[in-house]
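Subject: Structure for you to look at

Hello,

Here is the structure I said I would pass on. Please open it first, then read the notes below beside it.

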Amino acid sequence: MEDSATIVVSNATALIHLSRIRKLSLLKELFSKVFIPRAVHDEVAVPGEVGYEEIVKGIQEKWITVKDIRDRMSAYELAPLLHKGEAEAIILAEEAKADYLIVDERVARHIAASRRIKVVGILGILSLCVELKLINVNEALKLSQALIESGYIIDHEVYEEWRRSLAQH
């Protein structure tokens with residue numbers, strides 16, 4: 001639904017949790033193409049894990065594209081603060097001049113924002129889907145509950161603020 005020139009980089013969390021509830025397709029509908037760094041690929045493409053088939057299918061269909069980062073030193077410098085996938089996702093977002101970085105972890109979001117990278121999390125993805133009428137508000141609320149039931153962890157205050165903002169749609 002977004003302009004085909006929109007560049008989106010994702011960390012592992014959104015891929016893992018959306019695939020667990022069989023809704024990874026929402027990313028495809030929103031952005032048509034999502035880039036992931038090699039470290040994220042290694043984290044999400046694990047045979048036997050829930051959602052593995054859906055992620056691999058996205059890679060095979062080429063709407064999920066694995067890209068190696070060029071600036072390994074910058075990723076290494078972020079290593080004390082972040083997981084490897086988060087660090088590489090931030091660097092790839094910079095290198096690709098991404099319109100969005102999909103990341104939920106608080107520290108990674110702050111670092112990305114300090115580097116002038118526009119971040120969106122899973123709840124933001126659901127909000128975009130509502131705005132673009134891919135799903136309705138009730139579906140977004142049901143999906144958020146399914147995400148939580150599948151192991152997605154969200155701060156209660158952040159979740160309640162999101163629910164209030166969603167009610168305005």
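Tyrosine 159 is buried, because its relative accessibility is 6% (buried means under 20% relative accessible area, exposed over 50%, partly exposed in between, with a 1.4 Å probe and protein chains only). Tryptophan 162 also counts as buried, at 7%. The rings of tyrosine 159 and tryptophan 162 form a tilted aromatic pair, with 5.8 Å between the centres and 35° between the planes. For this term, rings of Phe, Tyr and Trp (its six-membered ring) pair if their centres lie within 6.5 Å; planes under 30 degrees apart count as stacked, over 60 as edge-to-face and the rest as tilted. The two residues are 3 apart in helix H10, so about one helical turn separates them. Helices (H or I, at least four residues) and strands (E, at least two) are DSSP runs, numbered from the N terminus.

Before going further, note that this is a predicted model, in which local features need pLDDT of at least 70 and side-chain atom pairs count only at pLDDT 80 or more, while totals for chains, interfaces and linings use all residues. Residues are numbered from 1 along each chain as its sequence is written, and side-chain values use heavy atoms, with hydrogens and water left out.

The other aromatic pair

The structure holds 2 aromatic pairs.

Two helices in contact

Two packed helices are described by the angle between their axes and the distance between the axes. Here the axes of helix H8 (residues 122-131) and helix H10 (residues 156-167) come within 11 Å and cross at roughly 5°. Axes are lines fitted to C-alpha atoms, for helices over the stretch in contact, and angles run from 0 to 180 degrees between N-to-C directions. The crossing angle makes H8 roughly parallel to H10 (angles under 35 degrees count as roughly parallel, over 145 as roughly antiparallel, 65 to 115 as roughly perpendicular and the rest as oblique).

Which residues make the contact? On H8 they are Leu123, Leu126, Ser127 and Val130, and on H10 they are Tyr159, Trp162 and Leu166; contact means heavy atoms within 4.5 Å. Of the residues in this contact, 6 are nonpolar, 1 is polar and none is charged. In this grouping, Ala, Val, Leu, Ile, Met, Phe, Trp, Tyr, Cys and Pro count as nonpolar, Asp, Glu, Lys and Arg as charged, and the others, Gly among them, as polar.

Salt bridges

A salt bridge is a side-chain nitrogen of Lys or Arg within 4 Å of a carboxyl oxygen of Asp or Glu, and by this rule the count comes to 7.

One of them lies in helix H10, where glutamate 160 and arginine 163 are 3 residues apart, and so about one helical turn. Their N to O distance is 3.8 Å. Glutamate 160 is partly exposed at 26%, and arginine 163 is partly exposed at 35%. Elsewhere, salt bridges that share partners join Lys28, Lys57 and Glu61 into one network.

Arginine 115 and glutamate 94 form another salt bridge, at 2.7 Å from N to O. Arginine 115 lies in the loop between helix H7 (106-114) and strand S5 (119-120) and glutamate 94 in helix H6 (residues 84-95), so the pair ties together parts that are 21 residues apart in sequence. Arginine 115 is partly exposed at 30%, and glutamate 94 is partly exposed at 30%.

Two positive phi values

Arginine 22 has a phi near 60°, which is positive although the residue is not glycine. Arginine 22 sits in the loop between helix H1 (12-20) and H2 and is exposed, at 53%. Serine 32 has a positive phi too, near 65°, and is not glycine either. Serine 32 lies in the loop between H2 and strand S2 (34-37) and is partly exposed, at 35%.

Regards
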